Amino acid sequence: MYRRDDFSDCDTDIRLDGKVALVTGATAGTGFEIAKNLARRGAKVIIASRNATKLAGAKQDIIMDSGNQNIVARQMDLASLTSVRNFVGELRSEPRLDILINNIGAIGLQDRLTEDGLQLMMQVNYFGSFLLTFLLFPLMRRSAPSRIVNVSSLALILGHIDFDNWNDVNKYSNFGYYCNAKLADVLFSVEMNKRAADSGVSVYSMDPGLGKSEFFRNFENDILKNILNSALLHFGRPLHRVATMSVYLAVDPKFETESGKHFRDCKEFYSSWFANDTILTRRVWEESKKLVRITREEDWERAQNNFGSRTQLYNII
Ligand SMILES: NC(=O)c1ccc[n+]([C@@H]2O[C@H](COP(=O)([O-])OP(=O)(O)OC[C@H]3O[C@@H](n4cnc5c(N)ncnc54)[C@H](OP(=O)(O)O)[C@@H]3O)[C@@H](O)[C@H]2O)c1
């Protein structure tokens, strides 16, 4: 059921010829539509996801839809920090990165620790994107003005960050981990905006609202999975329309001065709720850095080798 197009204000005809955009989770759902939208504007679009077969199919579909041949598919699994680090290493040949859309999200994943010692739901919905963004910052800074869009969810209003337990298994329901991770996505955007001030890299967070995807596909219980996916198909909005919101934040000049804010349906949405607790946002950043082992010398070396000066990265940490 689709009654109202809440995204009609987000339509823009801005072209992106000569720009490079990276969309994570672009093999399905909203990410696929975001990638098509950016490709139609003439950008070189890098699509990242975990499944090589799906990536190849998505790449072909995006080329067919947009007529833009400049689409690059690269494998990356957010459930593995090694995969994220390798992915960033593979981007060494990219001269620039103007847009990063952190779209990957998942629910219904097992309550277990990954090989990195991180709770799986937290890693896929937050820690993986945190590391990716951190490691890509030097390249985005070199490409400034550039923009990062972090896709969150209204579920964040039920989120809670308890640093003693946020990465523990058996502490929250599956939905609880999802809410916590989606809150962390917004808090890290607020903190990054402060740390990256004057760098020319803008960062926004947003809630896409309900979209007609198969978001619940990871649930093991088939009945629950089918009910929830049917509800999304019934009540969700068309994904090509949902995609316009992230694209709008990533391209429209009106957001140049809106970095650090949170959006829903193309409008600012209670940004001050998240921005006011500066102690919390700073701690989210610092604890996340520790958990993804960002202090490892290897990461500094990687950033330096890939994208230039070490000091570029040091400036925001
Ligand atoms: N749909 C909604 O109603 C809704 C509402 C609020 C917020 N959101 C948020 O919007 C974003 C997009 O949602 P969606 O409904 O479009 O999702 P989706 O259809 O389930 O697509 C998710 C994409 O992420 C990829 N992905 C999942 N886990 C991954 C991993 N570990 N490593 C790499 N890629 C991975 C998926 O690849 P595979 O195909 O290989 O799984 C797929 O390409 C998410 O952040 C979600 O939390 C959605």
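Here is a short chat about the model shown above.

Biologist: What kind of model is this, and how are residues numbered?

Modeller: Residues are numbered from 1 along each chain as its sequence is written. This is a predicted model, where local features need pLDDT of at least 70, side-chain atom pairs count only at pLDDT 80 or more, and totals for chains, interfaces and linings use all residues.

Biologist: Okay, in which order do the strands of the open sheet sit?

Modeller: Strands are DSSP runs of E with at least two residues, helices are runs of H or I with at least four, and both are numbered from the N terminus. Two strands pair if DSSP finds at least two bridges between them. There are eight strands in this open sheet and the pairing is mixed; the order is β3-β2-β1-β4-β5-β6-β7-β8.

Biologist: Why is one side of β3 and of β8 left without a neighbour in the sheet?

Modeller: Start with β3, which runs parallel to β2 and is joined to it by five bridges. One of the bridge pairs there is A48 with R74. Both β3 (71-75) and β8 (267-268) stand at the edges, so one side of each lacks a neighbour, as each has a single partner strand.

Biologist: And β1, is that strand largely enclosed or open?

Modeller: A residue is buried if 20 or more other C-beta atoms lie within 10 Å of its own, exposed if 12 or fewer, and partly exposed in between, with C-beta atoms placed from the backbone. On one side of β1, V20, L22 and T24 are buried, and on the other A21 and V23 are too. Five of the five residues of β1 (residues 20-24) are buried, so the strand is largely enclosed.

Biologist: Which residue in β2 is the bridge partner of L22?

Modeller: β1 and β2 (residues 44-49) pair in the parallel sense over five bridges. The β2 partner of L22 is I46.

Biologist: Is S49 buried or exposed?

Modeller: S49 is in strand β2. Its contacts (C-beta atoms, placed from the backbone, within 7 Å) beyond four places in sequence are G25, A26, T27, K54, L55 and M76. With 24 C-beta neighbours inside 10 Å, S49 is buried.

Biologist: Now the backbone: which peptide bond is cis?

Modeller: Most peptide bonds are trans. P145 sits in the loop between α4 and β5 (146-151). Omega is near 5 degrees for the cis bond, which runs from A144 to P145.

Biologist: What is phi of C266?

Modeller: Most residues other than glycine have a negative phi. C266 lies in the loop between β7 (262-264) and β8, and with 18 C-beta neighbours inside 10 Å it is partly exposed. Its phi is positive, near 75 degrees.

Terms used
Two residues are in contact if their C-beta atoms, placed from the backbone, lie within 7 Å.
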